[in-house]
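Morning, everyone. Please have a look at the chain on the screen before I start.

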Amino acid sequence: MKFIVNTDQLFNKLQNIGGTIVSKPVIPILDHFLFDITGGVLTITATDLETSMSTSIEVQADEDVRIAVPSKMCLDTLKALPHQPVTFTVNEDKNSIELKSEFGRYKLVGQNANDFPKIPETSSENSFNMGAGVLSSSIAQTIFASGNDELRLSLTGVYVQLHSHNAVFVATDANRLVKVERNDISPGVESNFILPKKALNLLKANLPHDDTEVKVDFNESNAFFSFDDVKLICRLIDERYPDYKAVIPTDNPNKLALSRQDFLNSVKRISIFGNKTTNQINIKITGSELTISAEDIDLSNEAVERLGCDYTGEDMEIGFNSKLLIEMLQNLSTPEIIIELSTPNRAGIILPSGNEEAEDLLMLIMPMMIAGA
């Protein structure tokens, strides 16, 4: 059986879903792409058993065929070939694949398509649509704050709460928390689940940043995303998410408004002189002046900067992890931010100045103890 396809087009499709494949799979066939040609359409699938992705492309084919193709050899060969049509000749009995280009022939051995893991199917019982740009933005605003500790599995993903007329995305690593409430999504269902980080990164890399409709579906064990010619299926994290609302302080009488970029630049400079183990910086607010400082006692390094600000509340000093703070400020886009504080031992709240109607964004960062305080 033969089919003809352009090298660039096929390479791009394979590359889009190739991130699903792990370098050391638990079973050998997992480092293969499943090629399934039906009616002149080639559907390519990759999976690691937890996350699966598929995409499709039209090809010139004389009949239908299914075979598992070694991913690395196929990608490396297509990448090394210039833009041109390439002919695949598949022998299902021997599980062999031969590529023929203008330069020569390349033969590789695949595996039986029947041995490829079965991909979960959706029942479309809990489906709704949302814009690709909205989903991409919600992922980008939260995923960086999720944890990496496999002993606290629930914190390694993004928690999604679905309501009739909006959706809430939450991520935390216990030292910081980000909550994004999207009012431009109407799931029409009350539910919640935890999406794993790998699947979200794959989604973020493949989602178009426009109004393309993404169909979202889910059941007790899996979530399904479908857009353009791409489908992504991921197993949900089967853990109970902590009560994140309990850690968000509601009574914050001290409010600080300042330029996000000026604050970010200052924190970056000051952090250079801080302790590289703790990454601590201290923030002192007196009147309309903000003092940012850091020191490394062991190396006798220290730095101090002062910024103007608009502040309402009592004078106070509080410590934060500069590395976490910088990452949070970089994931905000508004020119001005508001920082709400209560006491030096309670979490600080960072808000964009003037939340949009479509989204309500809140960031929280836990304080660090100031020496001698």
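First, the ground rules. This is a predicted model, where local features need pLDDT of at least 70, side-chain atom pairs count only at pLDDT 80 or more, and totals for chains, interfaces and linings use all residues. Residues are numbered from 1 along each chain as its sequence is written, and side-chain values use heavy atoms, with hydrogens and water left out.

Now the whole chain. It has six helices and 26 strands. Those are DSSP runs, numbered from the N terminus: helices are H or I with at least four residues, strands are E with at least two. The C-alpha atoms fill a box of roughly 80 × 50 × 35 Å along the principal axes. Of the 373 residues, 51% are buried. Buried means under 20% relative accessible area, exposed means over 50%, and partly exposed is in between, using a 1.4 Å probe and protein chains only. Take the contacts between residues at least 6 apart in sequence: 67% of them join residues at least 24 apart. Contact means heavy atoms within 4.5 Å.

Next, the sheet. What is the strand order in the open sheet of nine strands? It runs E14-E11-E12-E13-E26-E25-E24-E18-E22, with antiparallel pairing. Two strands pair if DSSP finds at least two bridges between them. At the edges sit E14 (191–196) and E22 (310–312), each pairing on one side only. From one strand to the next, the twist averages 15°.

Zoom in on one pair. E25 (348–352) and E26 (359–365) are antiparallel, with three bridges. Ile350 has Met363 in E26 as its bridge partner.

Helices join in too. H3 (132–142) packs on the sheet, touching E11, E12, E13 and E26. Its direction makes about 165° with that of E13. H4 (197–206) lies across E11 and E14, at about 80° to E14. For these angles, axes are lines fitted to C-alpha atoms, for helices over the stretch in contact, and angles run from 0 to 180 degrees between N-to-C directions.

Last stop: Gln280, in strand E19 (280–286). Is Gln280 buried or exposed? Gln280 counts as buried because its relative accessible area is 17%. Its side chain makes a polar contact of 3.0 Å with that of Asn282. A polar contact is a pair of N or O atoms within 3.5 Å; within protein, one must be able to donate a hydrogen and the other to accept it, and residues adjacent in sequence count only if both atoms are side-chain atoms. Leaving out residues up to four places away in sequence, Gln280 touches several others, including Phe320 and Met368.
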